[in-house]
Amino acid sequence: MVLALGLLARGLSHNAERAEQLSKLALERTVDGQRWRLELLTNTYTWDLDEESGYLRNHDSITDLELIDRWLPVMRTRFAIRAIGVANDRGDERILQLVDSMWRFTSTTRSGVPASTHRREWPVRRGDIPMPVPAVAPHDPREDIWFSQALENGRDQPAWSEDQNKQGAECLHVSMLIRGRSENSEYRVVHFDIDAEAMFSRLSQWSPMISTIELTSKGQILTNAHDSSAAGRLWGSILKGWGGERPTVDFQGSIDEEPWIGRIVPLELNGIKIYTGVMIGASEIEVWNRESRIALWSVLVLLVLLAALLVLVFLQSQGAEQRVRRQERRTSLQARHLAQAIDEREVLDREVHHRVKNNLQVVSSLLNLQAQRVPGSEAQSEFMRGKRRIDSMALVHHKLYRQTDLSAVDLGVFLDDLAKAIAAMFDPDSRSVSHHVDAAGVHCDADTAIQLGMIFCELLANCHQHAFPYATGGHIEVTVRDASDGNFVLGVRDNGKGFSTEDVKVTHLGLEVVEALTDQLDGTMRVTQDGGTLVEVTFRQNRHAQ
């Protein structure tokens, strides 16, 4: 009783400190999540640019219509891209732009005698492309910042730069140098012009508990910070003092007399530095802390009353009642120890999955760094495929340790979470692809869930990569059913284009991975085509989960 009173007194004295620690922990996790989303968003544009540079590197001669047919789908899916162009060291340039709901393709030859410029313009909603007409030559691309940034970049990878467009809006450029196949051949620079506000608008968050902004290297706001709202006014006051030294320490403020804490952190891109800011409301944590303090005082009062009652019982009772009381105390202590042991084992299981996920993310980052040093787009592509598989393994452990019961994992919830996360990895191409998961209430143990999750991630990634090459998208149906005799069947069916010889070559490693993981589950894999592709994996659980 004295120990319990001492612990309660210590808990009451550290109650305020614990609330501050919880607020900082919540802010740290929110900042990490926002930075991860920002890195993923910028990487999608650099990956697209790297793919375009690889295509142009392998096609020295390409017509204007072929460039238009290739660049139009990119700009339609990446709505933040306002222009795609390629220029050489002699000032020749070909560029596709989106100008006031009009497509404009300009081809300029400055190295010819005489120099010439031709332009095609047509509405966004019109399908046919007009014939080129003579036009006034635009400014020399060699004078633009993105051109010099690509030349100064020594790592042979996309480089970022920033400036303002004619309307005064912030514009980001990502450009990459394309070296010729011989020492005497010309070099070219391919680039994307990106509307910064449109690009980062998807990252902007506002809720009663979270507010975020993105800033340029000069501290200018890229996304809507709700200037007319209380959060916008708080951001404005914070940025006035932040613009000088730009510290990364936590700051505090209040909105409607409720406490808020936040932090602004940098993100290094190749060529520039941008910033992301996060604010979270601490009111709910304060309410929870106040309720916890009231609960501690209540328990303290109850313990004092209980102590008085026990003393009275002790004075009134002897012998048998005293032995019963000791037995009850021993039983209560054993029950608490048992509950604590169960809780500690559950925490350790989740910590293992969390640490495995973190280690896999470190390996993924190392592979990403190594891929940047490997010459050749095919080798880099293989590195990125390996990185994607490691990301899928980390995703499986991340989703698993969030499950409420690791001894009986609900496959319906688990596979649906994985399907949503895989679709987010292939966003925006996956927006036109829907999915449905029907697990028929099947549960399994954690070991089986890990292997089954990796199989599922590989099959779903193959669907997003190869089954739906057209903008119309499609549908993926996922089923799990009990095949009796201890066997279960996982089915992944898509209504895409089906398998071809080239598809099999590309996905051969993925199928080998699925077969290897299926063997570990004492199962088999079967691939059929019926208006699409159906992959059925028959497996057995390591131990049956009720």
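Modeller: What follows is a set of questions about labels, each answered with a value and a rule.

Modeller: A word on the source: this is a predicted model, where local features need pLDDT of at least 70 and side-chain atom pairs count only at pLDDT 80 or more, while totals for chains, interfaces and linings use all residues. Residues are numbered from 1 along each chain as its sequence is written, and side-chain values use heavy atoms, with hydrogens and water left out.

Biologist: Let us start with salt bridges. What makes Arg78 and Asp48 a salt bridge?

Modeller: The rule asks for a side-chain nitrogen of Lys or Arg within 4 Å of a carboxyl oxygen of Asp or Glu. For Arg78 and Asp48 the N to O distance is 2.7 Å, so the pair meets the rule. The two partners come from distant parts of the chain, 30 residues apart: Arg78 is in the loop between helix H3 (64-77) and E1, and Asp48 is in helix H2 (residues 15-58). Helices here are DSSP runs of H or I with at least four residues, strands are runs of E with at least two, and both are numbered from the N terminus. A search of the whole structure finds 13 salt bridges.

Biologist: Why is Arg78 called buried?

Modeller: Buried means under 20% relative accessible area, exposed means over 50%, and partly exposed is in between (1.4 Å probe, protein chains only). Arg78 has 10% relative accessibility, so it counts as buried. Asp48, at 17%, counts as buried too.

Biologist: How do you know that Glu186 forms a salt bridge with Arg90?

Modeller: Their closest N and O atoms are 2.8 Å apart. Glu186 sits in the loop between E7 and E8 and Arg90 in the loop between E1 and E2, so this pair ties together parts that are 96 residues apart in sequence. Glu186 has a relative accessible area of 31%, so it is partly exposed. Arg90 is partly exposed as well, because its value is 44%.

Biologist: What links Arg481 and Glu536?

Modeller: A salt bridge, with the closest N and O atoms 3.7 Å apart. Arg481 lies in strand E16 (residues 474-482) and Glu536 in strand E19 (residues 533-540), so the pair ties together parts that are 55 residues apart in sequence. Arg481 counts as partly exposed because its relative accessibility is 42%, whereas Glu536 is buried because its relative accessible area is 13%. Arg481, Arg526 and Glu536 are linked in a network of salt bridges.

Biologist: What makes something a polar contact?

Modeller: A pair of N or O atoms within 3.5 Å; within protein, one must be able to donate a hydrogen and the other to accept it, and residues adjacent in sequence count only if both atoms are side-chain atoms. Another case is the side-chain pair of Ser211 and Trp235, at 3.0 Å. Ser211 also lies in strand E9, and it counts as buried because its relative accessibility is 1%.

Biologist: What sets a pocket apart from a cavity?

Modeller: On a 1 Å grid over the protein atoms alone, a cavity is a set of points where a 1.4 Å probe fits but cannot get out; a pocket is an open set with protein on both sides within 12 Å along at least five of seven lines, and lining residues have an atom within 4 Å of a point. A volume is the space filled by probe spheres set on the points, which are joined across faces, edges and corners.

Biologist: How many cavities of 30 Å³ or more are there, and what lines the second largest cavity?

Modeller: The count is two. The second largest cavity holds about 40 Å³, and among its lining residues are Ala419, His435 and Ile476. E14 gives the most to this lining, with three residues.

Biologist: And the second largest pocket, how big is its volume?

Modeller: About 1,000 Å³. The second largest pocket is lined by 30 residues, with Gln97, Val99, Asn165, Lys166 and Asp193 nearest its centre. The largest share of that lining, five residues, comes from E2.
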